[in-house]
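I opened my notebook for a structure I had not looked at before. These are my entries, in the order I looked things up.

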Amino acid sequence: MATPLSDTPQSPLKTVAVVGLGTMGTGIAEVLAKAGREVIGIDISEAATAKAVAALESSTARAVERGRLTEDERADALARVRTFTDLRAAADADLVIEVAPESYEVKQQIFRELDGIVRPETILATGTNALSVTRLAADSSRPERVLGLHFFNPAPAMRLVEVVSSVLTAPTAVSAVTNLALDLGKEPVAVGDRPGFVADGLLFGYLNQAAAMYEAKYASREDIDAAMRLGCGLPMGPLALLDLIGVDTARTVLDAMYTESRDRLHAPAPILKQLSEAGLTGRKSGRGFYTYEAPGSATVVRDALTPLEGAALTPGRTVTSVGVAGSGTMASGIAEVFAKAGYQVVLAARSEEKAQTAKARIGKSLARSVDKGRMTAEAAARTLDLITAAGSYDAFADVDLAVEAVAEDLEIKRQLFATLDKVCKPGAVLATTTSSLPVVACARATSRPQDVIGMHFFNPAPAMKLVEVVRTVLTADDVHATVREVCGRIKKHAVDCGDRAGFIVNALLFPYLNNAIKMVQEHYATLDDIDAAMKLGGGYPMGPFELLDVVGLDVSLAIEKVLHREFRDPGLAPAPLLEHLVAAGCLGRKTGRGFREYARR
């Protein structure tokens with residue numbers, strides 16, 4: 001019979017056994033030893049334990065070189081780690097952390113054996129990120145002492161730890177492990193038991209969609225990865241991250257998530273199965289979505305899919321003057337970008353006053369750049385002189401490229417393109433900055449759809465490096481080449497994609513945001529815990545709710561609706577909580593309240 005837990009405070013978990021000394025287990029052992037815990041490392045063979053000790057010696061030596069540890073601290077930490085090949089070595093542990101392969105059979109066997117070895121008060125933790133903690137606990141003779149303790153890789157560097165309770169877990173076990181995580185210098189987040197928990201639950205759905213996008217040949221692997229790094233500020237693109245995690249591991253996690261959710265967004269993309277079964281599991285095998293110098297290497301090498309540098313097959317058209325239509329933040333930012341690159345710019349709006357206001361906004365932006373030492377006052381003056389404000393689109397008569405940056409409303413854009421068709425000279429390239437509307441609908445409003453293309457800049461345009469270049473089925477090759485060349489001149493990174501809702505960035509970003517809202521809606525985790533999990537566990541610059549409030553909940557809902565309408569996937573239907581907040585006028589920072597409340601300016 002399981003021993004009941006008392007209500008007395010837990011004593012510190014001084015001796016911790018780590019079962020499974022792969023990369024993650026070894027990293028956890030290092031964290032524990034550096035924090036003064038006695039560590040019992042256990043693996044199935046002497047070779048595995050020797051490899052783990054060598055990895056610990058190497059890692060701690062690097063920490064000394066970087067000034068993060070002294071030689072004495074390193075020696076003490078290494079002395080606190082003892083390794084064994086027999087589970088019975090865990091007999092004196094206060095806590096056992098199991099980091100074995102993601103298999104119920106393997107983990108259940110370990111837990112059954114530990115039941116007969118450890119003391120009644122010992123806490124058993126599983127490091128799984130894909131399997132049910134409840135199922136593992138139910139198979140134990142002490143289910144109230146079983147919980148999940150999910151570290152992130154590399155464990156010494158990543159601050160997030162998810163503490164996972166099942167319905168059977170005693171609160172005192174949770175508090176003891178949470179206190180340990182704090183002692184280790186980690187940020188513990190309390191979550192319930194479901195595959196992927198918070199961080200991986202959101203991350204793997206996004207990674208899966210990126211794999212499916214690549215498999216559909218919608219965009220190249222390089223463009224998908226660059227788009228998410230430059231458009232969202234992520235430390236790594238999704239396909240490179242899949243290679244780092246392991247394609248086979250990702251498939252296992254997604255399988256477990258789909259089994260529970262039945263959400264098509266979690267059904268593993270077929271390419272993950274194909275790569276896994278071919279042994280192309282990512283960096284560890286030397287090849288996955290990319291090809292690497294050697295197994296285990298992080299260095300990407302050229303392969304048959306690597307694009308040739310500067311291999312434009314079609315010469316572009318000459319562009320010396322650019323028209324920017326609109327008077328909002330986006331229009332003035334784009335006009336500033338072109339003027340900084342030396343183009344003559346006509347900034348036109350529906351009235352002279354609006355156009356002058358937009359030009360004045362550019363003047364202020366340039367003045368800030370001067371104040372920050374990014375440009376000289378003379379360069380700022382020259383840049384502003386290149387911009388002509390106009391109160392009519394007739395001023396676009398001689399421009400070589402016209403860029404539309406008006407309201408995200410298809411009828412308004414179609415009317416504008418019909419006007420551009422009349423006023424722009426033959427051969428002028430006509431571009432829309434839409435983020436979610438069909439580019440071809442703008443093209444069809446003209447008599448020259450071959451000259452129309454999408455140029456999706458990101459806000460703020462002067463700072464953001466990415467431009468999504470969106471070809472329709474009617475766009476001419478030389479128009480595409482022209483826009484690619486122009487992106488190079490204005491120092492932007494162009495990525496190519498087809499004309500479908502969301503393009504690359506929004507099609508991957510907004511389902512992830514929507515899934516985060518569903519987690520809160522279902523009371524699975526709090527806003528703060530989800531934001532912390534994605535920043536600390538995923539390296540995101542902002543948590544999903546911080547980002548939603550910045551973007552605007554009304555804008556987010558509109559994009560979600562467009563994606564749902566285009567792809568007809570039930571998993572893309574906007575979360576009701578988002579719709580309710582928008583209906584209540586809680587639109588984010590701009591109204592002072594969204595998912596959080598903000599001080600009014």
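This is a predicted model: local features need pLDDT of at least 70, side-chain atom pairs count only at pLDDT 80 or more; totals for chains, interfaces and linings use all residues.

Where does Glu71 sit? I traced Glu71 to helix H3, which covers residues 71-79. Its relative accessible area is 49%, so I put Glu71 down as partly exposed; the exposed class begins over 50%.

A positive patch on the surface brings together Arg361, Lys364, Arg368, Lys372 and Arg374. I picked Arg374 from that group and found it in the loop between helix H13 (352-371) and helix H14 (377-385). Arg374 comes out as exposed because its relative accessibility is 63%.

**The whole chain**

Then I stepped back to look at the overall picture. I noted 22 helices and 18 strands in the chain. Is the chain's radius of gyration what a compact globule would have, or what value does it take instead? For 601 residues a compact globule would come out near 25 Å, and the chain has 28 Å, which agrees. Along the principal axes, the C-alpha atoms fill a box of roughly 85 × 50 × 50 Å. I also wrote down that 53% of the 601 residues count as buried.

I went through the peptide bonds and stopped at two cis ones. The bond from Asn153 to Pro154 is cis, and its omega is near -5 degrees. Pro154 belongs to the loop between strand S6 (146-151) and strand S7 (160-165). The bond from Asn459 to Pro460 is cis too, with omega near 0 degrees. I found Pro460 in the loop between strand S16 (452-457) and strand S17 (466-471).

Phi angles came next. Phe503 is not a glycine, yet its phi is positive, about 50 degrees. I placed Phe503 in the loop between strand S18 (493-498) and helix H18 (505-521). Buried or exposed, I wondered about Phe503? It is buried, since its relative accessible area is 0%.

Arg568 also has a positive phi without being a glycine, with a value near 55 degrees. This residue lies in the loop between helix H21 (553-567) and helix H22 (576-583). With a relative accessibility of 65%, Arg568 counts as exposed.

**Salt bridges**

How many salt bridges does the structure hold? My entry reads 30. I followed up a few.

Arg221 and Asp303 meet through their side chains in a salt bridge, at 2.6 Å from N to O. This pair links distant parts of the chain, 82 residues apart: Arg221 is in helix H8 (residues 221-232), and Asp303 is in the loop between strand S10 (300-301) and strand S11 (321-325). I checked the cover on each partner. Arg221 is buried at 3% relative accessibility, while Asp303 is partly exposed at 22%. Those entries fall either side of the cut-off, because buried means under 20%.

I then took Arg596 and Asp531, a salt bridge with its closest N and O atoms 2.9 Å apart. Arg596 is in the segment after H22 and Asp531 is in helix H19 (residues 527-538), so this bridge ties together parts 65 residues apart in sequence. Arg596 is partly exposed, at 21% relative accessibility. Asp531 is buried, with a relative accessible area of 3%.

For a bridge inside one helix, I turned to Arg414 and Glu411. Their side chains meet at 4.0 Å, N to O. Why are Arg414 and Glu411 separated by about one helical turn? They are three residues apart in helix H15 (residues 410-423), and that spacing is why. Both ends went down as partly exposed: Arg414 has a relative accessibility of 32%, and Glu411 has a relative accessible area of 43%.

My last entry goes beyond a simple pair. Asp94, Arg119 and Glu121 are linked in a network of salt bridges.

Conventions:
Residues are numbered from 1 along each chain as its sequence is written. Side-chain values use heavy atoms; hydrogens and water are left out. Patches are made of residues with over 30% relative accessible area and no salt bridge: like charges are joined within 9 Å, nonpolar side chains (Val, Leu, Ile, Met, Phe, Trp, Tyr) within 5 Å. Accessible areas come from the Shrake-Rupley method with a 1.4 Å probe; for residues, only the protein chains shown count as cover. Lys and Arg count as positive and Asp and Glu as negative; His and the chain ends are not counted. The place of a charge is taken as NZ of Lys, CZ of Arg, CG of Asp or CD of Glu. Helices (H or I, at least four residues) and strands (E, at least two) are DSSP runs, numbered from the N terminus. Buried means under 20% relative accessible area, exposed over 50%, partly exposed in between (1.4 Å probe, protein chains only). The radius of gyration is taken over C-alpha atoms; the globule rule is 2.2 Å times the number of residues to the power 0.38.
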